[in-house]
Amino acid sequence: MPYGSRLAAMMTRRVGRECVYTPSARLALYLALRRWCRPGARVLMSPVNDDVILFVVLAAGLRPVQAPVSRWDGNIDPAAVPESTWRNVDAVLTTNLYGMPDRVVELRRRCDALGIPLIEDAAHAIGTHVDGQPIGTFGTAAAFSLSKHVAAMAGGFLAVDDARTRRELELLRDDLLTPRRLHADLATTLRPLARSAVRTLHLVRPAWRTMQRLKLLERDDFRMALHAPRLAGSARQAPSLAAYEPWVRVDLHGFRSRHGALVRGQLELRMALLDGDLARRRAGVSLLAGTTWATPALRDRTAHDGPPSLFRVPLLVDDRDALLERLVNHGVVAGYVYDPPLDDYAGAEFVEPSPDPFAARWFAAHTLPADPLLARRIAGALTKERATPAHPPLPTTPVYDATTTPPTPLGQ
């Protein structure tokens, strides 16, 4: 029986596609990129994305092409992508940022016309639908994450169309897995329980401050340090997951560790709780969508289709960085901030910059990702802190004028 087949079967029943179980969504995404993109291919993606995803794309031997994005959700704006760019990309990678769906119908149409694959990163989007169809069923393949839901902190899937492709990907996955270690399985099993205990005992603030003081966090800022010379050297070995492992493993060192029965059993139990988790998220989204900090896109979607089951609710606030720091005093650590955009972070050596970066810069600088499971606490904290809602400039007004120097890539 293939590794993780019970978990894969559970996900297959949910999305209606053949699924491959992986220890993480980042490994699932790497499998998809290696399977459908030749080395050197150009991949269109949003610059408002986790830096880990950038390094997965680089590890697959591909050239990331940064797209213009919507100022309301940070996802690719297909209409703003120049025709010259469309003619010169070999694949499209969605984000479905925080669970807000990409324009997948338009992206699917574009990819079909160009004869290129659409790869869905659905890590934030279990439970997200477009026109009644679940995200993860529009693309050539789709990567899902259990780390982001039901507090699993491990586990992922790659959804594909047919059993033959699934079997091919299982063989590729098995070649990339590292051996199981009992102590790693125990840590993976206990980590979600420890995090739950910290929240239940109201220890979020002291625990977070202690980790900061002891420098136990892998990131000193929203982005990890780029280490540009080392990164450039790794390109000579691409495609190679091992060469990029120092970057790809950040925040999840067991991203390709073979999980034993202990971890897989816990994940099966947590997957059985997924529908309840999504229902609680919808309730939290409903509350936050009614606040002054919610985006018009979220308000409209909630009004017309009901609240979506988002992983995080993108609230738009002024003085975002200072607010994030003050929220810790209210017992809220708001992660998943993707600032600066990837082209400002990595620079033209590693990515093709967006032809229109202003919306991405504005959105990344003003978005506060709010956990809908903590909706009341976050709304109360923002009210007490007198948070001011942010309003984007007109589309024709740049956030950075012609005399402004973009941020220097980290590590340079």
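Colleague: Before we start, what should I know about the numbering and the model?
Modeller: Residues are numbered from 1 along each chain as its sequence is written, and side-chain values use heavy atoms, with hydrogens and water left out. This is a predicted model, where local features need pLDDT of at least 70, side-chain atom pairs count only at pLDDT 80 or more, and totals for chains, interfaces and linings use all residues.

Colleague: Happy with that. How many helices and strands does the chain have?
Modeller: Helices (H or I, at least four residues) and strands (E, at least two) are DSSP runs, numbered from the N terminus. On that basis the secondary structure of the chain comes to 17 helices and eleven strands.

Colleague: What percentage of the 412 residues is buried?
Modeller: Buried means under 20% relative accessible area, exposed over 50%, and partly exposed in between, with a 1.4 Å probe and protein chains only. Of the 412 residues in the chain, the buried ones make up 55%.

Colleague: Which residues have the most contacts inside the largest nonpolar core?
Modeller: A nonpolar core is a set of buried Ala, Val, Leu, Ile, Met, Phe, Trp, Tyr and Cys residues joined through side-chain atoms within 4.5 Å. The largest one has 75 residues, and helix α3 (residues 51-59) gives the largest share of this core, eight residues. Those with the most contacts inside the core are Phe55, Phe144 and Leu158.

Colleague: Leaving aside neighbours within four places in sequence, what is phenylalanine 55 in contact with?
Modeller: Contact means heavy atoms within 4.5 Å. With those neighbours set aside, the partners of phenylalanine 55 are Met224, Leu226, Leu231, Tyr244, Trp247, Val248 and Tyr345.

Colleague: Let's turn to the strands. Which residue stands opposite isoleucine 119 in β8?
Modeller: Two strands pair if DSSP finds at least two bridges between them. β5 and strand β8 (residues 141-145) pair in the parallel sense over three bridges. In β8, the residue opposite isoleucine 119 is alanine 141.

Colleague: And in β5, what is the bridge partner of leucine 93?
Modeller: β4 and β5 run parallel and are joined by two bridges. Within β5, Leu118 and Glu120 point one way while Ile119 and Asp121 point the other way, and all are buried. The bridge partner of leucine 93 is isoleucine 119.

Colleague: Now helix α14. Why are its buried residues on the same side?
Modeller: The buried residues of α14 (residues 320-327) are Arg320, Leu323, Leu324 and Leu327. They lie on the same side of α14 because they cover an arc, taken from the directions from the helix axis to the C-beta atoms, of only 105 degrees.

Colleague: What covers those buried residues of α14?
Modeller: The cover includes several elements, among them β11 (367-370). Also included are the helices α16 (358-366) and α17 (375-384).

Colleague: Is asparagine 96, with its positive phi, buried or exposed?
Modeller: Asparagine 96 has a phi of about 50 degrees although it is not a glycine, and its place is in the loop between β4 (91-93) and α5 (104-114). Its relative accessible area is 0%, so asparagine 96 is buried.

Colleague: Last one: where is proline 340?
Modeller: The peptide bond from aspartate 339 to proline 340 is cis, with omega near 0 degrees. Proline 340 has its place in the loop between α14 and α15 (342-346).
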